[in-house]
Amino acid sequence: MFINSLKISKISYFLSLIAMITINSKAIAVEDLSFPFNADSGKYWQYTSDRVMGGVSDGQVTLEQDGETYYARLTGNVSTANNGGFIQFRSGVSFANSEKEGKNLQGVRLNVRGNGETYYIHIRTNESWSPSDYYATTFIANEEWQMIDLPFNKFERRWSKDSALDPKKIRRFGIVAYGKDFIADVSVSTIEFYY
């Protein structure tokens, strides 16, 4: 099923990444590790919210454009009512063959802006055993575009704080508005995975 609540912006198609990242189970291995959003990226991303488990949060993802720059914009109302509390956009990905000259990926770099709130990145791996088993870290999205580096050693596994994130086992990546009642508004123009 494609993006349920995704609305088409006036400027372009659905939000996306380049052809390396997919939302289905056939995620393919990395070749280029920089993924700017572009006009053809919608098929690689999926919007979801706590409504899949009975929550009442409401949101959407749109692809927008600022000059030459395309970006995905996640907006909505996050509500913790009815055991809820998240909206997100996510994609399947595989870094199984990402080792380069004996080095593994060290983290993710985002170009983001937003409304000054704290947002999350949730990463699921081959070892994730339930929907609530993931690695996470936070970032603040301020009003101006900024590049943010988030090293993998800062990600914590929700159910096992002493478990280290192995980038070669990553299988799903999401940008998430989570955990409290607030109005979400976060934009991402580029996602890079760095060594």
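Q: What percentage of the 195 residues of the chain count as buried?
A: This is a predicted model: local features need pLDDT of at least 70, side-chain atom pairs count only at pLDDT 80 or more, and totals for chains, interfaces and linings use all residues. Residues are numbered from 1 along each chain as its sequence is written, and side-chain values use heavy atoms, with hydrogens and water left out. Buried means under 20% relative accessible area, exposed means over 50%, and partly exposed lies in between (1.4 Å probe, protein chains only). Of the 195 residues, the buried share is 51%.

Q: How many helices and how many strands does the secondary structure of the chain come to?
A: Helices (H or I, at least four residues) and strands (E, at least two) are DSSP runs, numbered from the N terminus. Read along the sequence, the pattern is β-β-β-β-β-β-β-β-β-β-β-β. The count is zero helices and twelve strands.

Q: What share of the contacts with a separation of 6 or more comes from residues 24 or more positions apart?
A: Contact means heavy atoms within 4.5 Å. Among contacts with a separation of 6 or more, the share from residues 24 or more positions apart is 73%.

Q: Which phenylalanines does Leu110 touch, not counting residues up to four places away in sequence?
A: Leu110 is among the core residues that touch the most other members. Its contacts beyond four places in sequence include Ile121, Met147, Ile148, Leu150, Ile175, Val188 and Ile191. They also include Gln146 and Thr190.

Q: How many salt bridges does a search of the whole structure find?
A: Side chains of opposite charge can pair when their charged atoms come close. The cut-off for a salt bridge is a side-chain nitrogen of Lys or Arg within 4 Å of a carboxyl oxygen of Asp or Glu. Over the whole structure, the number found is nine.

Q: How many residues apart are Lys168 and Glu99?
A: The two form a salt bridge, with the closest N and O atoms 3.1 Å apart. Lys168 sits in the loop between β10 (156-157) and β11 (170-178), Glu99 in the loop between β5 (86-92) and β6 (107-114). This pair links distant parts of the chain, with a separation of 69 residues.

Q: Why does the pair of Arg109 and Asp149 tie together separate parts, and how many residues apart are they?
A: Arg109 forms a salt bridge with Asp149, the closest N and O atoms lying 2.6 Å apart. Because Arg109 lies in strand β6 and Asp149 in strand β9 (residues 146-151), the pair joins parts with a sequence separation of 40 residues.

Q: What are the relative accessible areas of Lys180 and Glu117?
A: Lys180 and Glu117 form a salt bridge, the closest N and O atoms being 2.9 Å apart. Lys180 lies in the loop between β11 and β12 (182-194), Glu117 in the loop between β6 and β7 (118-125), so the pair ties together parts 63 residues apart in sequence. Both count as partly exposed: Lys180 has 37%, and Glu117 has 22%.

Q: Which residue does the side chain of Arg113 join in a polar contact of 3.1 Å?
A: Arg113 is in strand β6 and is partly exposed, at 22% relative accessible area. It touches Asp66, Ala141, Trp145 and Asp185, among others. A polar contact is a pair of N or O atoms within 3.5 Å; within protein, one must be able to donate a hydrogen and the other to accept it, and residues adjacent in sequence count only if both atoms are side-chain atoms. At 3.1 Å, the partner side chain is Tyr71.

Q: What distance separates the C-alpha atoms of Arg113 and Asp185?
A: Along the chain, Arg113 and Asp185 are 72 residues apart. Arg113 and Asp185 are in contact. Their C-alpha separation is 8.6 Å.

Q: Is Ser49 buried or exposed?
A: Ser49 is found in strand β2 (residues 46-49). It touches Ser57, Phe86 and Ile87, not counting residues up to four places away in sequence. With a relative accessible area of 6%, Ser49 is buried.

Q: Which strand supplies the largest share of the lining of the largest pocket?
A: The lining has 25 residues, with Phe86, Gln88, Pro131, Ser132 and Tyr134 nearest the centre. β2, β5, β7 and β11 each supply at least two lining residues. A pocket, on a 1 Å grid over the protein atoms alone, is an open set of points where a 1.4 Å probe fits, with protein on both sides within 12 Å along at least five of seven lines; lining residues have an atom within 4 Å of a point. The largest share, five residues, comes from β11.

Methods:
A nonpolar core is a set of buried Ala, Val, Leu, Ile, Met, Phe, Trp, Tyr and Cys residues joined through side-chain atoms within 4.5 Å.
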